[in-house]
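These are my notebook entries on one structure. I set out to look up its ligand and the space around it.

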Amino acid sequence: MIDSLQSSAAGAPQLGERLQRVRSAIDDAARAHDRSADDITLIVVTKFHPASLVRELIDLGVHDFGENRHQEASAKARELADQPISWHFVGQLQSNKAKAVREYAHAVHSLDRDSVVTALGTAGQAELDCFIQLNLTDDARRGGVGSDGLEALAERVIAQPSLRLRGVMAVAPLGEDPRRAFEQVRLMSQRLQLLAPDATRISAGMSHDFVDAIAEGATHLRIGSAITGIRPAQG
Ligand SMILES: *Cc1c(COP(=O)(O)O)cnc(C)c1O
């Protein structure tokens with residue numbers, strides 16, 4: 001309802017235009033930091049939006065989509081099973097959902113504790129791309145592993161043959177300078193690469209801070225509302 005009001009309002013940019021604006025902002029930021037935009041994957045986060053919006057985005061050339069709740073993600077994946085989509089699971093994962101998430105997910109960005117690593121690793125044999133989620137706050141209830149737990153968790157991932165450790169993921173804490181937060185992420189990514197030289201990816205940057213994330217080396221942006229518009233109420 002909010003969405004339809006928005007898109008019918010005079011002067012409100014449409015989906016294609018919002019996507020185009022984000023893509024050109026990514027290109028500009030990449031160029032400003034001597035990076036190639038080809039090395040940056042845009043994941044559009046479609047949580048709370050219907051499968052029909054995903055279809056529209058596919059028509060606009062998007063193939064990587066992010067979801068943060070298993071039930072919603074699996075329903076959309078089922079509905080869009082015939083579409084050329086890579087699903088990225090970016091939310092808190094419960095161990096008892098690991099097997100079900102594997103059925104549609106191309107990558108899981110939110111590995112943050114041993115139990116989830118073991119559950120995902122033993123729930124299937126096909127290789128699954130994984131990111132270790134970093135907690136950049138002092139609040140242990142937040143998703144992600146703290147700085148001093150990074151290496152130990154990485155060893156657990158490496159020990160699971162079906163998990164392909166790709167890199168780190170983080171959300172910049174609210175109310176802090178995102179550039180400084182993403183600088184920490186870059187440094188932790190370098191630490192991880194001492195253990196896992198191929199784990200070079202950095203999943204960071206959302207609607208309001210992706211330019212700072214690109215400046216600090218983000219390779220995978222998770223962008224929702226800047227492209228999809230205001231999210232409908234959680235249903
Ligand atoms: C919702 C969400 C995003 C996208 O957020 P926007 O601010 O809408 O761009 C990115 N990452 C995670 C983990 C999310 O849950």
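Which residues surround the ligand? I list Val45, Lys47, Asn68, Val90, Met169, Met206, Ser207, Arg222, Ile223, Gly224, Ser225 and Arg231, each with a heavy atom within 4 Å of the ligand.

I note that this is a predicted model, in which local features need pLDDT of at least 70, side-chain atom pairs count only at pLDDT 80 or more, and totals for chains, interfaces and linings use all residues. Residues are numbered from 1 along each chain as its sequence is written, and side-chain values use heavy atoms, with hydrogens and water left out.

I sorted the shell around the ligand by class and found five nonpolar, four polar and three charged residues. Nonpolar here covers Ala, Val, Leu, Ile, Met, Phe, Trp, Tyr, Cys and Pro; charged covers Asp, Glu, Lys and Arg; the others, Gly among them, are polar.

I then looked up polar contacts (pairs of N or O atoms within 3.5 Å). A polar side-chain atom of Arg222 lies 2.9 Å from a ligand nitrogen. A polar backbone atom of Ser225 is 2.8 Å from an oxygen atom of the ligand. For Arg231, a side-chain N or O atom is 2.8 Å from an oxygen atom of the ligand. The protein buries 89% of the 390 Å² that the ligand exposes when taken alone (Shrake-Rupley areas, 1.4 Å probe).

Which space does the ligand take? I find that the ligand takes the largest pocket, with more than half of its atoms within 2 Å of the grid points.

Note on methods:
Polar contact = N/O pair within 3.5 Å; in protein donor to acceptor, adjacent residues only side chain to side chain. 1 Å grid on protein atoms, 1.4 Å probe; cavity = no way out; pocket = protein on both sides within 12 Å on 5 of 7 lines; lining within 4 Å.
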